[in-house]
Amino acid sequence: MTNFEMTTRVRNVLLISAAAAFSAAVLLFSVGPFSVGAIEARLQAGAENALSLRGHDWAHVRMKGQTAIVTGAAPTDTARADALSTVAASTWSGGRVAGGVTRVIDETIDARLEQGFVFRADVALNGRVLLRGDATDAAARNALTRFAEDQFEHGADTDLTLVPGGSSSPAWQETATRLLGQLARLDRGALVLQGQYGVLVGEAANPQTVQSVSAALQALPEPYQGAWILTPAGLPAQAHIPDVQACAAIIRAAQGADTLRFDRQGASPSPLTAVSLRRVGRVFQSCPSDTQLTVSVLREAQAAGLDSARLDEVSVLLGNGAAENPRVSVVLVQDQDRAIRFSVSTFGG
């Protein structure tokens with residue numbers, strides 16, 4: 001065999017070996033444990049678990065290679081910052097291919113802006129009134145805080161956001177002030193000022209207080225209208241909920257200000273969430289017959305049967321045969337900013 005033939009043969013062997021090695025590498029990084037898909041799945045699972053342990057149920061992660069993209073409606077700036085740092089530290093950073101999360105992209109939004117311009121107040125168990133949501137401007141925020149501190153014996157806890165570009169609105173401020181004044185007359189309750197409606201949900205000491213509060217809510221400054229569901233001690237509730245918009249505001253007030261969630265990795269809602277679900281179920285009975293309540297439960301794929309169990313628990317807590325009530329739907333959703341979410345619409349619409 002000549003030197004030329006040997007050289008050609010060696011070159012062919014080397015080319016075949018290189019091709020085989022390349023094919024094996026392509027196969028390994030396409031479908032093996034070091035494939036892009038496998039790495040993304042591993043990093044996403046690690047990030048989601050870390051967020052869950054920190055209580056950030058509102059945050060969601062998707063991976064693009066080793067870059068984590070965080071989405072969801074952040075309840076506060078502090079929560080957003082903590083979620084981003086949690087994802088960044090969720091897996092050993094290492095290096096590319098064999099390492100962990102190398103970059104975090106923030107695509108979160110402000111939950112308050114996503115939900116629209118809403119002002120709410122809730123009487124806490126300690127007697128303090130909690131002011132939450134949005135205010136038109138700094139002067140209104142300060143005035144409402146002072147008024148609440150004067151009206152409620154145990155003072156006020158204020159966390160109101162000024163929406164960029166907002167300006168003063170005397171009618172809005174007067175309406176919010178009147179609602180706070182009426183809330184102070186109740187034994188317990190909550191108010192919401194949303195869209196054109198100012199609403200109250202609560203319990204009063206006697207029918208006379210309910211009648212007086214109802215009369216005050218009938219005379220809100222234009223363009224605002226009042227709606228309410230008020231319960232005198234030991235007597236049936238009295239309600240005025242004229243349309244679907246009023247029902248939506250009433251449901252928002254009834255659900256309370258606490259984050260709705262399930263026990264970790266369990267089917268049962270937390271104790272405060274169970275209270276909220278029962279209250280929402282009772283309140284919705286007073287909404288107009290052409291309204292529909294949809295309760296969305298975030299899908300949980302980590303445990304077999306958990307989704308079905310959670311749907312059953314929510315339906316039971318809503319009460320009064322919610323599962324058989326055509327105006328109440330309890331559904332699973334793949335992606336939302338919280339574990340449980342309520343929406344009100346026109347029935348059949």
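Analyst: Helices and strands here are DSSP runs (helices H or I, at least four residues; strands E, at least two), numbered from the N terminus. In this predicted model, local features need pLDDT of at least 70, side-chain atom pairs count only at pLDDT 80 or more, and totals for chains, interfaces and linings use all residues. Residues are numbered from 1 along each chain as its sequence is written, and side-chain values use heavy atoms, with hydrogens and water left out.

User: Which element gives the most to the lining of the second largest pocket, and with how many residues?

Analyst: Helix α2 gives the most, with 5 residues. Both α2 (36–53) and β1 supply at least two residues of this lining.

User: How much space lies in the second largest pocket, and which residues are closest to its centre?

Analyst: The second largest pocket holds about 760 Å³. Its lining has 26 residues, and His60, Leu298, Arg299, Glu300 and Gln302 are the closest to the centre. A pocket is an open set of points on a 1 Å grid over the protein atoms alone, where a 1.4 Å probe fits, with protein on both sides within 12 Å along at least five of seven lines; a lining residue has an atom within 4 Å of a point. The volume is the space filled by probe spheres set on the points, which are joined across faces, edges and corners.

User: What makes the pair Arg62 and Glu107 a salt bridge?

Analyst: The N to O distance between their side chains is 3.4 Å. The cut-off for a salt bridge is a side-chain nitrogen of Lys or Arg within 4 Å of a carboxyl oxygen of Asp or Glu, so 3.4 Å qualifies. Arg62 is in strand β1 (residues 60–64) and Glu107 in the loop between β4 (103–106) and β5 (109–110), so the bridge ties together parts 45 residues apart in sequence. The whole structure has 10 salt bridges.

User: Why do Arg62 and Glu107 count as partly exposed?

Analyst: Relative accessible area under 20% is buried, over 50% exposed, and in between partly exposed (1.4 Å probe, protein chains only). Arg62 has 42% and is therefore partly exposed. Glu107, at 39%, is also partly exposed.

User: Are Asp122 and Arg120 buried or exposed?

Analyst: Asp122 has 8% relative accessibility, which is under 20%, so Asp122 is buried. Arg120 has 9% and is buried by that cut-off. These two residues form a salt bridge, with the closest N and O atoms 2.8 Å apart.

User: What joins Asp157 and Arg132, and where do they lie?

Analyst: Their side chains meet in a salt bridge at 3.5 Å, N to O. Asp157 is in strand β8 (residues 156–162) and Arg132 in strand β7 (residues 129–135), so this pair links parts of the chain that are 25 residues apart. Asp157 is partly exposed at 32% relative accessibility, as is Arg132 at 22%. Elsewhere, salt bridges with shared partners join Asp337, Arg338 and Arg341 into one network.

User: Why do β1 and β4 stand at the edges of their sheet?

Analyst: The open sheet has 3 strands in the order β1-β2-β4, with mixed pairing. β1 and β4 each have a single partner strand, so one side of each lacks a neighbour in the sheet. Strands pair if DSSP finds at least two bridges between them. Strand β2 (residues 67–71) and β4 run parallel and are joined by 4 bridges, so they pass this test.
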